[in-house]
Structure formats: C-alpha cells, structure tokens
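Here's a quick tour of this one, by topic. Have a look at the fold first, then read on.

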Amino acid sequence: FGSSLLAQRFVAELRLPCRKSCSLLLVVMKTLVQEESIKVPKGSKITIKAKMVEVTGKYGTLKRDFRHLPVELWLANGGKEVKARMYFAKSKQLSMLRTVCSHISNLFDGVEKKFIYRMRLVYAHFPINANITNGGKTVELRNFLGEKIVRTVHMLPGVTIDKSASTKDELCVTGMDIDTTSRSAALIRQACLVKKKDIRKFLDGVYVSSHGTMDE
C-alpha cells in the first residue's frame, strides 16, 4: 500500500505451471474506487486531520488513528457525513472500508451513550467475593475456588467498575472507549481461570453475560 498504491496495475497476473508444460493465467481484478459513508449523529462533533479522527460528545472526547490504512477519509455534506474511499483494491482489502466506518460509529456511541459490559460471578460451592476499591478503578476478587490469594485487577484508563444494584453477583464495567472497556472485562475474566482441573466440571469464574451501550 502507501504511495505506490496508485502506481499498481489494474490487473495482477499470476502464472501457475500446468501438467502439460503450459501456464495457467489467473486474473485478479481490482476495484477502481470504492466508497462507504456514515452519518454524524446529532450532538456529536467530529474532526478529521491526516486520518486522525477526533469525536466529541456528551461524555467527552475520543481519538483514533487510521494512518496505517490506505484509506481516504473526509467530511461531506457540511460535516454531517463521514466518507471513506479506497482506490485499486482487491476484494479482501475492500473490507477495511466497512471496518473504518464501524470504528468511527463506535466512537459516536461511546461519547454519546457509553459502553457497558455486564459480568456474572459464577460459582458452585465457594462464593466469589468482589470488592470495588480505588473509586471504581480496581476490583479485588477473593475466595475463588476457596483459594486464599487475592486477585487484584486494575481497570484501563477511562473505565470504571461497579456492582449491579438490581442483580446479585453482577459487575458492571463501563467506559467510553469500546476497546479499553472490553479489554478491562477480559482482564477480569482471565484473572479467574481454573487451572489443573477439568473446566467442563469446574465452571467457576467471572463471565461476560451481556454487553452494549448503556441506553439499550
């Protein structure tokens, strides 16, 4: 990719040997230009500069860097629409266009609604005790499978954790950035893995039960 992308040919040729000492010509077609678009929600502001996207909304500001992708990004319709364009790409390379739009859509959802991951404490005999400390930035897990060790998990920047007010043995991980929020939930999940036992029988742990935006 990069600056040499425009210099590539429209058709890439590949010759494969045949049994009868001939060559088989395979033609891989490239799309000249492909576009995807996403609308900017009301109440959100977005700026794009050199493929650096910055989105501002009700809960704060999020940034994301797309400079590693050979995609053209710009604002259209007076800043009410984000468009992504790609030149001379094969079919698998075109998938990154929709991926970029999905990332930007997650930025809009994060600054306007926030993401939430609900996790359940699952145990058969030894009750798992969860203690929230450091203002919702740290969770301490005790008595997992009766072990005395205290498992301490620190949330990633911008993520908070709290106990559910309506459901027993449920933790709620919330944050604007879907990446850091989901990774924080994964850190809690990985802190309570059953070792040296049959995991089909010993199902204790902390599992993600549902996830989405806080308005859902």
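Axes here are lines fitted to C-alpha atoms, for helices over the stretch in contact, and angles run from 0 to 180 degrees between N-to-C directions. Contact means heavy atoms within 4.5 Å, while helices (H or I, at least four residues) and strands (E, at least two) are DSSP runs numbered from the N terminus. With that in hand: helix α1 (residues 95-112) lies across β3, β7 and β8, at about 15° to β3.

This is a predicted model, so to speak of local features takes pLDDT of at least 70 and side-chain atom pairs count only at pLDDT 80 or more, whereas totals for chains, interfaces and linings use all residues. Numbering starts from 1 along each chain as its sequence is written, and side-chain values use heavy atoms, with hydrogens and water left out.

**The sheet**
- Three strands make an open sheet in the order β3-β8-β7, with antiparallel pairing (two strands pair if DSSP finds at least two bridges between them).
- β3 (31-39) and β7 (72-76) are the edge strands, each pairing on one side only.
- From one strand to the next, the twist averages 25°.
- β3 pairs with β8 (residues 81-89) in the antiparallel sense over 8 bridges, and T31 has A89 in β8 as its bridge partner.

**Helix α1**
- Its 18 residues reach 26 Å from first C-alpha to last, close to the 26 Å expected at 1.5 Å a residue (that is, 1.5 Å times one less than the number of residues).
- Buried residues of α1 include M96, L97, V100, I104 and F108; buried means under 20% relative accessible area, exposed over 50%, partly exposed in between (1.4 Å probe, protein chains only).
- After α1 comes K114, with a positive phi near 75°.

**The cores**
- A nonpolar core is a set of buried Ala, Val, Leu, Ile, Met, Phe, Trp, Tyr and Cys residues joined through side-chain atoms within 4.5 Å.
- The largest has 24 residues, of which I46, L73 and I104 touch the most other members.
- β5 (52-56), β8 and α1 each supply at least two residues of this core, and α1 gives the largest share, 8 residues.
- Leaving out residues up to four places away in sequence, I46 touches several residues, including V53, L75, I104 and F108.
- Another core, of 20 residues, lies apart from that one, with I128, V139, L141 and V194 among them.

**T180**
- T180 sits in helix α2 (residues 178-191) and is buried, at a relative accessible area of 15%.
- The T180 side chain reaches the backbone oxygen of D177 at 3.2 Å, a polar contact being a pair of N or O atoms within 3.5 Å; within protein, one must be able to donate a hydrogen and the other to accept it, and residues adjacent in sequence count only if both atoms are side-chain atoms.
- Not counting residues up to four places away in sequence, T180 touches L156, P157 and V159.
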